[in-house]
Amino acid sequence: MNAPVPGGDLDLHGLAQVVTGNGGLPKVRVTTGQCTGEVYLHGAHVTSWKPVGAEEVFFLSRNSRWQGGSAIRGGVPICFPWFGDKADDPKAPAHGFVRTREWEIEAVVQSGKAITVSMFTASDESSQAWAPGSFRAVYRATFGAELDLELAVINTGARPLRFEEALHAYYDVGDVTQARIAGLDSVEYLDKTDAFRAKQQRGDVTISAETDRVYLNTEAALELRDPVLRRRIHVGKENSRTTVIWNPWVQKGQALSDLGADQWRRMVCIEVSNVGAFAVQLAPGEAHRMATTIQIAPL
Ligand code: TA6
């Protein structure tokens, strides 16, 4: 399906098209002189960004599901309005409900040499069955020589709105055991593999076992150094006070049916977020935007 792009104020033919993706799910495919990229309407889920002359930046599981009700495994899932398991409802979907929703395209426009795809979703009866509160969420993905992702949320209700949010990005690495993540030295974190005990980071983050950490009160940019793919991935943050680092390692990795085999070795999640004590609280009519800028460079 190659459909005209709604909302575009420019003839974007060839630069951005809505096409049929995996599982028959629609996606916007971007092809410019600077990069290629794609974002599914399912979950407003970025699944690819590949700057010209570089390799794919994101990990995408070859066993991912591509169906309603399931999150795509890899790329950049959007966690909202809660992170992880819902504290007061074990039956609620992990990481909230927007990553398994069909978002709508608001506009696809050219911004300089880049293409910005804007999508939105909003609260409704089904969302309020999980969490009260009225919101409109707009997600803007700008595909260019760098990738900018922005999640803006407005409280459209008459009561305060509290939410957690995370851009749960899966980065492709040659071998996670040889990768290093700089930018969190001395930062306190909660270790989810050790009953959420509070610990302090010493130096770079390296992965040598299951790793599941929520770094607290940090707005610092991260740098993923990959000596196998010989590249650095810079992850900038705006209005984000927590960073989550995750790798399931062998046992958890093999237990995830949409991951499986030895794919755990080829991925690491660096998640720009506001979770836990750093959840966002909005008064009626108030808005908040969290953003990340992703750049790659040779190592
Ligand atoms: O961000 C880390 C984490 O919360 C891990 O605890 C693990 O559950 C991961 O997210 C993946 O969650 P998912 O629901 O996508 O399988």
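User: What makes the open sheet antiparallel, and what is its strand order?
Analyst: The order is β6-β7-β8-β9-β22-β18-β17-β12-β15, nine strands with antiparallel pairing. A strand here is a DSSP run of E, at least two residues, numbered from the N terminus. Two strands pair if DSSP finds at least two bridges between them. This is a predicted model: local features need pLDDT of at least 70, side-chain atom pairs need 80 or more, and totals for chains, interfaces and linings use all residues. Residues are numbered from 1 along each chain as its sequence is written, and side-chain values use heavy atoms, without hydrogens or water.

User: Why do β6 and β15 count as edges?
Analyst: β6 (104-111) and β15 (205-206) each have a single partner strand, so one side of each has no neighbour in the sheet.

User: How do you know that β18 and β22 pair?
Analyst: Count the bridges. β18 (residues 231-238) and β22 (residues 287-298) share eight, in the antiparallel sense. The definition asks for at least two, so the two strands pair. One example: Arg231 has Pro298 of β22 as its bridge partner.

User: Which residues are around the ligand?
Analyst: They are Arg73, Phe83, Ala94, His95, Arg99, His168, Lys192, Asp212, Val244, Trp246 and Glu271. To be listed, a residue needs a heavy atom within 4 Å. By class, the shell has four nonpolar, two polar and five charged residues.

User: Why is the pair Glu38 and Lys27 called a salt bridge?
Analyst: A salt bridge needs a side-chain nitrogen of Lys or Arg within 4 Å of a carboxyl oxygen of Asp or Glu. Glu38 and Lys27 meet at 2.7 Å, N to O, so the pair qualifies. Glu38 lies in strand β3 and Lys27 in strand β2, so the pair ties together parts 11 residues apart in sequence. The structure holds 21 salt bridges.

User: Why is Glu38 called buried?
Analyst: Buried means under 20% relative accessible area, exposed over 50%, partly exposed in between (1.4 Å probe, protein chains only). Glu38 has 14%, so Glu38 is buried. Lys27 has 13%, so Lys27 is buried as well.

User: What makes Arg197 partly exposed?
Analyst: Arg197 has 47% relative accessibility, so Arg197 falls in the middle class. Asp194, with 24%, is also partly exposed. Arg197 and Asp194 form a salt bridge, the closest N and O atoms being 2.5 Å apart.

User: How do you know that Glu150 is buried?
Analyst: Glu150 has a relative accessible area of 15%, so Glu150 counts as buried. Glu150 is found in strand β9 (residues 147-155). Polar contacts join the Glu150 side chain to those of Arg140, at 2.8 Å, and Arg289, at 2.7 Å.

Methods
Helices (H or I, at least four residues) and strands (E, at least two) are DSSP runs, numbered from the N terminus. Ala, Val, Leu, Ile, Met, Phe, Trp, Tyr, Cys and Pro count as nonpolar, Asp, Glu, Lys and Arg as charged, and the others, Gly among them, as polar. A polar contact is a pair of N or O atoms within 3.5 Å; within protein, one must be able to donate a hydrogen and the other to accept it, and residues adjacent in sequence count only if both atoms are side-chain atoms.
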